[in-house]
Amino acid sequence: MKKIYYDTKKNVISKQLKLARVKEGLSQSQLAARMQTLGVSIDQQMISRIEANARMVTDYELASFSRALHVPPEELLKDFMEDITNAP
């Protein structure tokens, strides 16, 4: 399977995901539990890998993270959107 990266990154939400999680006062395990109540099979280790930029994020995971953390998807994509807005 072809490995997919964006500028050496596996995902574009790692930093904002962690910031939103900490702001919400959740541990990685607590966020995983919220995700599971939304029907997304994810555990603490997967969230750790996402935050470390060592795992890709699917579109439905992005939408579910947004809902679980009470932030719009644009907030999680903030860094990426700034990068592409400022690109030559």
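Predicted model: local features only at pLDDT ≥ 70, side-chain atom pairs only at ≥ 80, totals over all residues.
Trainee: Is His70 buried or exposed?

Mentor: A residue counts as exposed when its relative accessible area is over 50%. The relative accessible area of His70 is 58%, and His70 is therefore exposed.

Trainee: What is the phi of His70?

Mentor: His70 is not a glycine, yet its phi is positive. The value for His70 is about 60°.

Trainee: Which loop holds Asn53, and what is the phi of Asn53?

Mentor: Asn53 lies in the loop between α3 (44-51) and α4. Asn53 is a residue other than glycine with a positive phi, and the value is near 60°.

Trainee: How do α2 and α4 stand to each other: roughly parallel or roughly perpendicular?

Mentor: The axes of α2 (residues 28-37) and α4 (residues 59-69) come within 9 Å and cross at roughly 110°. Angles of 65 to 115 degrees count as roughly perpendicular. The two helices, α2 and α4, are therefore roughly perpendicular.

Trainee: What is the handedness of the crossing in which α2 passes α4?

Mentor: The handedness describes how α2 passes α4. That crossing is right-handed.

Trainee: Which residues in α4 do Leu31, Arg34 and Met35 meet?

Mentor: Leu31, Arg34 and Met35 belong to α2. By class, the contact of α2 with α4 has five nonpolar, one polar and two charged residues. On the α4 side, the residues met are Glu61, Ser64, Phe65, Ala68 and Leu69.

Trainee: Is Ser64 buried or exposed?

Mentor: Ser64 has its place in helix α4. Buried means under 20% relative accessible area. The relative accessibility of Ser64 is 12%, so Ser64 counts as buried.

Trainee: What is the relative accessibility of Leu76?

Mentor: Leu76 is found in helix α5 (residues 73-76). Not counting residues up to four places away in sequence, Leu76 touches several residues, including Val12, Leu17, Leu62 and Phe65. Leu76 counts as buried because its relative accessibility is 0%.

Terms used: Residues numbered from 1 in each chain as written. Heavy atoms only, no water. Axes fitted to C-alpha atoms, helices over the stretch in contact; angles between N-to-C directions. Helix = DSSP H or I, 4+ residues; strand = E, 2+ residues; numbered from the N terminus. Parallel < 35°, antiparallel > 145°, perpendicular 65-115°, else oblique. Left-handed = near helix turned anticlockwise from the far one by under 90°. Contact = heavy atoms within 4.5 Å. Nonpolar A, V, L, I, M, F, W, Y, C, P; charged D, E, K, R; others polar. Buried < 20%, exposed > 50% of the residue type's maximum accessible area, 1.4 Å probe, protein only.
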